[in-house]
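I opened the model today and kept notes as I went. Here is what I looked up, entry by entry.

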Amino acid sequence: MYIYDKFDQTIVRERVAEFRGQVQRRLAGELSEDQFRPLRLMNGLYLQLHAYMLRVAIPYGTMSSAQLKKLAYIAQTYDRGYGHFTTRQNIQYNWIKLEQVPDLLNDLAEVQLHGIQTSGNCIRNVTADQFSGVAGDEIEDPRIVSEAVRQWSTFHPEFSFLPRKFKIAVNGAARDRAAIQFHDIGIQVVRGPEGDVGYAIYAGGGMGRTPVVAPLIRAFLPKAELLSYLEAILRVYNRHGRRDNIYKARIKILVREIGAEEFTRQVEAEWALLRNEGVNLPEAEMSRIQKFFAPPPYEKIAAPVVAFEQARASNPAFARWVETNVHTHKVPGYGVVTISLKPVGGIPGDATAEQMSQIADLAEKYSFAEVRVTHVQNLVLPNVKQADLFAVWQQLGKIGFADANLGLIGDIIACPGLDYCALANARSIPVAQQISERFRTPERMKEIGPLQIKISGCINACGHHHAGHIGILGVERAGEELYQITLGGAGDETASIGELLGPGFKGDQVVDAVEKIVNTYIELRQPGEEFLAAYRRVGKAPFKERLYASA
Amino acid sequence: MADENTQVIEPSEISAHRRSNKAAGGKIATGNRLRDGVVIYLAANGEWTTDVDQARRETTADGEAALKGALDAAFKANYLIDAAVIDTVPSDTKPARLREQIRAVGPTVRPDLARRANW
C-alpha cells in the first residue's frame with residue numbers, strides 16, 4: 001500500500017501544528033465559534049449530539065495493521081473504547097474532547113492518518129472497491145488511480161471552496177462494489193476498443209434528498225488523461241454549481257438542470273483547453289505510485305488445500321462462513337475474508353478498541369498486514385491462505401465477529417441516526433438491531449438469500465437507503481419516529497433508486513413490515529431468483545398489497 | 001463571519017432539529033461545553049450542570065428570557081456552543097422531544113454509557 005513521502009508527511013504534520021494553534025486560540029477566546037467552526041470542520045471535527053465527533057479518512061478504505069492498531073489506540077485513549085466505520089470507508093469517534101484533539105491528530109499523523117477533507121465543501125476521501133488488487137474480475141487495481149486522485153485533490157486550492165461537498169469513487173472490477181453511480185464522479189476502469197486500459201466516467205450521481213443515478217458522460221478516457229478530465233468536470237461544476245441554495249448545490253442538480261449532454265459538452269470544451277496544460281500525472285509518478293500496490297509475495301499453493309477442505313467438511317458453521325464471507329482470490333490457495341461487523345443485535349460498523357486491535361493482529365499474521373474497510377461497514381482481510389481460514393474464523397469468533405451473514409439480510413447498513421447524529425430525525429441503529437434479531441438464524445438467512453437492507457435516519461441518506469433492496473428512511477412526524485420503506489434500490493453496476501411503497505411505519509412496526517415483504521418475496525419468487533431480480537420482475541404492487549391490505 | 005463562498009456546512013445548519021413543541025410544559029437552557037463537547041444545562045443555582053434533573057426550568061416569558069440571557073453570556077464567554085432553549089414536558093425537566101431526551105441520557109443503543117436512567 002501507499003507510504004507517504006516527505007511531502008505528504010510534511011503537509012499533514014504542518015496541518016496538525018496549525019490546528020493546534022487554532023484550538024489554543026479558540027480555548028483562549030481569541031477565536032469566536034463562527035471563526036473556528038470552519039477550521040475544525042476542515043479537520044474532520046464536527047459537533048454531534050453528545051460531544052465532538054472526529055471523522056478520520058481511510059483513503060480508498062485501505063489501511064495497514066499498524067494504522068488499525070493506532071485507530072484502536074485512539075479509541076482507547078481519547079474516546080470511550082470504540083469507533084464506527086462508515087459508508088465512506090472512514091472511521092468516526094463519537095466522544096471526542098476538543099482540548100485533546102491536537103494530541104490525537106499528532107498520534108494519527110504518526111501512522112499517516114488525519115481528518116483532512118472529511119468535511120466541508122471540498123473533494124472528500126476517495127472510495128474504492130474493497131477487493132481492489134485481489135478480486136478475480138479486476139481489470140486494474142483501482143487504488144493506483146485512487147491514490148493519484150488523493151494526491152491531486154489534497155489541498156487543491158481551486159477546489160477548496162466548491163458549491164458543496166464532492167465525492168469520487170473508483171471501481172476496477174466488472175462487479176461494482178463501490179456504488180460509483182451514486183457519486184459526484186464515478187470512475188470505472190474499462191478496456192478500450194484496442195484492449196488498452198482506460199476509464200468510463202460517470203458524473204452527477206448522488207443520494208440525499210434528490211437521489212440520482214449518475215449518467216455516463218464518457219465511455220472511454222485514456223488512462224494518462226484522467227486528472228485533466230476530472231479537473232475539467234470540477235471546473236464546470238465550480239463555475240456553474242449553485243451556491244444560493246444548499247439543497248441544490250450538488251453537481252447532480254447542475255447535471256440534471258442543464259442535461260447530461262450539455263454538461264458533457266461543457267466538460268469536453270473545458271478539457272480541450274487544459275488537457276495539455278500539465279495537469280495530467282507524469283508517467284514516472286504514475287509508475288512510482290503503482291509500485292506501492294505491487295502484489296505481496298504470494299506463495300505458490302497447490303490445490304486442493306486438504307486441511308481447509310477437511311475443516312469445511314467437518315464443521316458446518318465454518319463451511320457456512322466460508323460460503324458467505326470468503327470470496328475467491330485471484331491467487332489460487334488464498335481467500336478474501338470479509339469480517340462482518342454486524343453481529344446479531346449489534347451496532348452496524350461499530351468495533352471496540354480490543355476488536356480493532358485483534359483484527360490488526362490477524363492481518364499482521366495472516367494477511368500481509370493489510371486491512372480494508374467496505375462501504376457496507378465491514379472489514380476485509382484481503383490475503384488469507386485457505387490453510388489459515390479456519391484459524392482466522394476461530395479467532396474472529398472469540399471477538400464476536402464470525403457472523404456468516406455477508407450480503408444477507410443481517411448485513412445491514414445503518415447510519416448513526418438519532419442516537420448520535422445532530423442531523424438525524426429518527427434512530428437507525430435500533431431498527432437494524434430488531435431486523436437482525438428477527439432474522440437471526442442461518443437457516444432463515446439462507447432461505448431468503450442475498451438481500452441488502454440499508455437504513456438512514458434522515459433525508460441526507462448516509463445509510464444509503466436509496467440503494468437498498470429494502471431501504472428504510474427514518475423521518476419525524478408529529479414528534480414520533482416514522483419509517484418509510486422503499487424497494488428495489490441497488491448500488492451495484494445495475495444501480496437503481498428504491499421506490500417508496502406507501503405510508504410509513506412506527507418504530508415497533510418496521511420489523512413486521514420487513515418480514516411481510518420478505519415473505520411476499522419468498523412466495524412469488526421463481527426458482528433461484530434473488531430478491532432484487534424478483535422485485536424488478538413483478539414491481540411493487542404485490543408487496544404494497546400485502547403490506548397495506550391487512551394493516 | 002463566514003461569507004457565502006467560504007461557508008462550511010455543519011449538520012445543525014441543515015436540520016430543523018430544534019423545532020418547538022407546542023404541547024411543552026416548560027423551558028430549559030442547554031448547550032455543549034466548548035472544551036470537551038459535553039452536554040450541559042443551566043442549573044437553578046446559576047452554574048452549568050451535566051445533569052438534566054438539576055436544570056433550571058422556566059414556564060414564563062420572563063423566565064425564558066432569563067435562560068436566553070444566561071446562554072448568551074456563556075456563549076460570549078466561550079464556555080458553551082450550540083446554545084438552545086428547549087421544551088420540557090409539563091412539571092418536569094424531562095425534555096419534550098426525543099432528540100433532546102437522547103442528548104440528556106446518551107445513545108439509546110448504549111445503555112452502558114447512559115448518564116442517567118431513561119425516563
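**Entry 1: a proline in a loop**

I started at A:P304, which sits in the loop between α9 (283-292) and α10 (306-314) of chain A. I keep in mind that this is a predicted model. I checked the peptide bond that runs from A:A303 to A:P304. That bond is cis, and its omega is near -10°.

**Entry 2: a backbone angle**

Next I looked up A:Q112. Its place is the loop between α4 (101-110) and β6 of chain A. I read a phi near 65° for A:Q112. That is a positive value, and the residue is not a glycine.

**Entry 3: the mixed sheet**

In which order do the strands β6 to β10 of chain A stand in their sheet? I traced β6-β7-β8-β9-β10, five strands in an open sheet with mixed pairing.

Strand β7 (residues 168-171) and strand β8 (residues 185-191) of chain A run parallel, joined by four bridges. In β8(A), A:G186 is the residue that stands opposite A:A169. As a reminder to myself, strands of a sheet pair through backbone hydrogen bonds, in either a parallel or an antiparallel way.

I also found a helix here. Helix α8 (residues 260-274) of chain A lies across β9 (197-203) and β10 of chain A. It runs at about 30° to β10(A).

**Entry 4: the antiparallel sheet**

I moved on to another open sheet of five strands in chain A, with the order β1-β2-β5-β4-β13. Its pairing is antiparallel. At the edges I noted β1 (45-47) and β13 (350-352) of chain A, each pairing on one side only. From one strand to the next, the twist averages 30°.

Which helix of chain A packs on this sheet? I found α2 (residues 33-41), which touches β1 and β2 (52-56) of chain A. Its direction makes about 125° with that of β1(A).

I also followed β4 (residues 82-85) and β5 (residues 91-96) of chain A, an antiparallel pair with two bridges. There, A:F85 stands opposite A:I91 in β5(A).

**Entry 5: where chain A meets chain B**

How many residues of each chain are in contact? I counted 45 in chain A and 38 in chain B. The two chains bury about 3800 Å² between them, and 58% of this is on carbon and sulfur atoms. In chain A, the residues that lose the most area to chain B are A:L47, A:L49 and A:H50. Together they make up 14% of what that side buries.

Then I looked for charged pairs. The rule finds two salt bridges across this interface. One of the salt bridges I looked up joins A:E99 to B:R35, with the closest N and O atoms 3.5 Å apart. I also noted 11 residue pairs in polar contact between chain A and chain B.

Which elements give two or more residues to the side of chain A that touches chain B? I listed α1 (6-27), α2, β1, β5 and α14 (429-438) of chain A. The most comes from α2(A), with six residues. By type, the residues on this side of chain A divide into 23 nonpolar, eight polar and 14 charged.

Definitions and conventions. Residues are numbered from 1 along each chain as its sequence is written. Chains are lettered from A and ligands numbered from 1 in the order in which they are written. This is a predicted model: local features need pLDDT of at least 70, side-chain atom pairs count only at pLDDT 80 or more; totals for chains, interfaces and linings use all residues. Side-chain values use heavy atoms; hydrogens and water are left out. Two strands pair if DSSP finds at least two bridges between them. Axes are lines fitted to C-alpha atoms, for helices over the stretch in contact, and angles run from 0 to 180 degrees between N-to-C directions. Contact means heavy atoms within 4.5 Å. Buried area is the accessible area (1.4 Å probe) that two parts lose on being put together, summed over both. A salt bridge is a side-chain nitrogen of Lys or Arg within 4 Å of a carboxyl oxygen of Asp or Glu. A polar contact is a pair of N or O atoms within 3.5 Å; within protein, one must be able to donate a hydrogen and the other to accept it, and residues adjacent in sequence count only if both atoms are side-chain atoms. Ala, Val, Leu, Ile, Met, Phe, Trp, Tyr, Cys and Pro count as nonpolar, Asp, Glu, Lys and Arg as charged, and the others, Gly among them, as polar.
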